[in-house]
Amino acid sequence: MSVLADIITGVRADLAERRAAVPLTDITSRAADAPAVRSFLPRAAEDFGIIAEVKRSSPSAGPLADIADPAALAAAYAVGGAAAISVLTEQRRFNGSLADLDAVRAAVDIPVLRKDFMVDEYQFYEARAHGADIVLLIVAGLSAAQLQEFSELAASLGMAALVEAHTAEEIEAAAAIRPALLGINTRNLKDLSVDLGRFAPLAELCPPESVLVGESGVSTAADVSAYAAQGADLALVGQALVTGGQPQENVAAFTAAGQTAKAERQRT
């Protein structure tokens, strides 16, 4: 079984427990009563933004940070100029929770992404009920029909969908739904290796109207610059921010690096 398939198996098991405790009718009602969605897209063509992540652990790196106060971390990201906050809610491999999502949503005024493995309609109502403004759709874990259905469901709830692809084939599948936000993850799902060099050739295959997000492999501002120089409009950064010790300062530095590189790209 692949790493992704194994994670999704666990996600479905945990979801069954939550659904038993809170039926779909109840979570749908809670979603309808949730705070208004905060819209999310870069504010202008020249902008470059950082989606800063609240991330305790990962399958590739193991434990990363003991985040005792996710709200305080998110607030530091926001002060540093983050465009949005990504919150891991998957429990088994990432040690995340919906409680983290609640805490972050209450602490910041910028959009919040529920980062999880979305495989069932329940999760979308659940995301909205807990205040998510953006959800993640991983092409590798969804059929073409699910990708279309879930994209439409997210939109019906007012949420943006970050559609994530890893390969040329996945870019083609993503392009079929003309995503406003298209993430290119430079991690190989088979061996979990990361190569930022994968971004540029995949970016060339993306719909021109999609806002591109560089995902995985950011350790330094130079890595953010590399993404921006190759066509990214945003970079999603987790490990470097939760382990770097200066989340506010690092978000600001990463944002500045990306903006400079994007401006240079647009001049050439």
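The face of α4 turned away from its buried side carries A99 and A106, both exposed (over 50% relative accessible area; buried is under 20% and partly exposed lies in between, with a 1.4 Å probe and protein chains only). This is a predicted model, in which local features need pLDDT of at least 70 and side-chain atom pairs count only at pLDDT 80 or more, while totals for chains, interfaces and linings use all residues. Residues are numbered from 1 along each chain as its sequence is written, and side-chain values use heavy atoms, with hydrogens and water left out. Helices (H or I, at least four residues) and strands (E, at least two) are DSSP runs, numbered from the N terminus.

**Helix α4**

- Helix α4 spans residues 98-107, and its buried residues are L98, D100, L101, V104 and R105.
- Seen down the axis of α4, these buried residues fall within an arc of 150°, so they line one face of the helix; the arc is that of the directions from the helix axis to the C-beta atoms.
- An α-helix has 3.6 residues a turn, so residues three or four places apart point the same way.
- Packed against the buried residues of α4 are α1 (3-21), β1 (49-54), α3 (70-79), β4 (84-88), β5 (112-115) and α5 (121-129).
- At the start of α4, S97 places a side-chain oxygen within 3.3 Å of the backbone nitrogen of A99.
- D102 also belongs to helix α4 and is partly exposed, with a relative accessible area of 34%.
- From D102 to A165 the separation is 63 residues in sequence and 27 Å in space, C-alpha to C-alpha.

**Helix α5**

- α5 is mostly covered, with seven of its nine residues buried.
- The buried residues of α5 are Y122, Q123, F124, Y125, E126, A127 and R128.
- These buried residues of α5 pack against α1, α2, α4, β5, β6 (134-138) and α6.
- At the start of α5, a side-chain oxygen of D120 comes within 2.8 Å of the backbone nitrogen of Y122.
- After α5 comes G131, which has a positive phi near 90°.
- E126 lies in helix α5 and is buried, with a relative accessible area of 2%.
- Apart from neighbours within four places in sequence, E126 is in contact (heavy atoms within 4.5 Å) with R18, I27, L98 and R114.

**Helix pairs that involve α5**

- Helix α2 (residues 24-32) packs with α5 at an angle of about 35°, and their axes are 7 Å apart; axes are lines fitted to C-alpha atoms, for helices over the stretch in contact, and angles run from 0 to 180 degrees between N-to-C directions.
- The crossing of α2 past α5 is left-handed, meaning that the near helix is turned anticlockwise from the far one by less than a right angle.
- On the α2 side, the contact is made by L24, I27, T28, R30 and A31, and on the α5 side by E121, Y122, Y125, E126, R128 and A129.
- By type, the residues of the contact of α2 with α5 divide into six nonpolar, one polar and four charged; Ala, Val, Leu, Ile, Met, Phe, Trp, Tyr, Cys and Pro count as nonpolar, Asp, Glu, Lys and Arg as charged, and the others, Gly among them, as polar.
- α1 and α5 cross at roughly 65°, and their axes come within 11 Å.
- The α1 and α5 crossing is left-handed.
- V11, L15, R18 and R19 of α1 make this contact with Y122, Q123 and E126 of α5.
- The contact of α1 with α5 has three nonpolar, one polar and three charged residues.

- In helix α7 (residues 168-175), the buried residues are E170, I171, A174 and A175.
- Around the axis they cover an arc of only 140°, which puts them on the same side of α7.
- E169 and E172 are exposed on the other side of α7.
- The cover over the buried residues of α7 includes α6 (144-156), β7 (160-165), β8 (181-185) and α8 (199-203).
- R178 is in the loop between α7 and β8.
- R178 and P207 are 29 residues apart in sequence but 6.9 Å apart in space, C-alpha to C-alpha.
- Not counting residues up to four places away in sequence, R178 touches P207 and E209.
- The side chains of R178 and E209 make a polar contact at 2.8 Å; such a contact is a pair of N or O atoms within 3.5 Å, where within protein one must be able to donate a hydrogen and the other to accept it, and residues adjacent in sequence count only if both atoms are side-chain atoms.
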